[in-house]
Amino acid sequence: MIEMIAVALLLGAGWLWFDSLRARESAVRAARHACAADGVLFLDDTVALAAFGLQRGDSGRLALRRVYRFEFSDTGNNRLDGSVTMLGARMQTLYLAPHGLDAPLPLHLVH
């Protein structure tokens, strides 16, 4: 009986690992696409898991909810935060910190 429980746990861990890799790759693609569409640089070409849990989807079924953080730059000299929330293997939300013309420009005086 203990062997069956151990095998079930190993299979569950293997499924979780494979599903996490798939969700992470989807999050990287979503972040890369959003940065390209907004004209900013997607830094380090990676995302990092920030939160993990369960949430009900639109159909009412439980799914794994993962929040990934990443960094991007609008000037090449700074690092701004972004995040991608995945519900299962699909993107739920994507956030890019305010950037570009949202920030005040420095004033240069010429004498």
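**Notes on the salt bridges and a surface patch**

1. Let's start with Asp45 and Arg32: these two form a salt bridge, and their closest N and O atoms sit 2.8 Å apart. Asp45 belongs to the loop between strand S1 (41-42) and strand S2 (48-56), while Arg32 is in helix H1 (residues 2-38), so the contact ties together parts that are 13 residues apart in sequence. Keep in mind as you read on that this is a predicted model.

2. How exposed are the two partners? Asp45 has 43% relative accessibility, so it goes down as partly exposed. Arg32 comes out at 36%, and that makes Arg32 partly exposed too.

3. Next, Arg90 and Asp58. This is another salt bridge, with 3.6 Å between the closest N and O atoms. The pair links distant parts of the chain, 32 residues apart: Arg90 is in strand S5 (residues 90-96), and Asp58 is in the loop between S2 and strand S3 (62-73).

4. Is Asp58 buried or exposed? It's exposed, because its relative accessible area is 77% and the cut-off for that label is over 50%. Arg90, at 44% relative accessibility, counts as partly exposed.

5. Some salt bridges share partners, and in this way Asp19, Arg22 and Arg66 are joined into one network.

6. Glu25 has a relative accessibility of 39%, so it's classed as partly exposed. For Arg24 the value is 29%, which also means partly exposed.

7. For the overall tally: how many salt bridges does a search of the whole structure find? The answer is seven.

8. Away from the charged side chains, which residues make the nonpolar surface patch of about 510 Å²? They are Met1, Met4, Ile5 and Leu9. Met4 is found in helix H1, the helix that also holds Arg32. With a relative accessible area of 61%, Met4 is exposed; that value clears the over 50% cut-off.

Key:
Residues numbered from 1 in each chain as written. Predicted model: local features only at pLDDT ≥ 70, side-chain atom pairs only at ≥ 80, totals over all residues. Heavy atoms only, no water. Salt bridge = Lys/Arg side-chain N within 4 Å of Asp/Glu carboxyl O. Buried < 20%, exposed > 50% of the residue type's maximum accessible area, 1.4 Å probe, protein only. Helix = DSSP H or I, 4+ residues; strand = E, 2+ residues; numbered from the N terminus. Patch = residues over 30% accessible without salt bridge, like charges linked within 9 Å, V, L, I, M, F, W, Y side chains within 5 Å. Areas by Shrake-Rupley, 256 points an atom, 1.4 Å probe, with all protein chains shown as cover.
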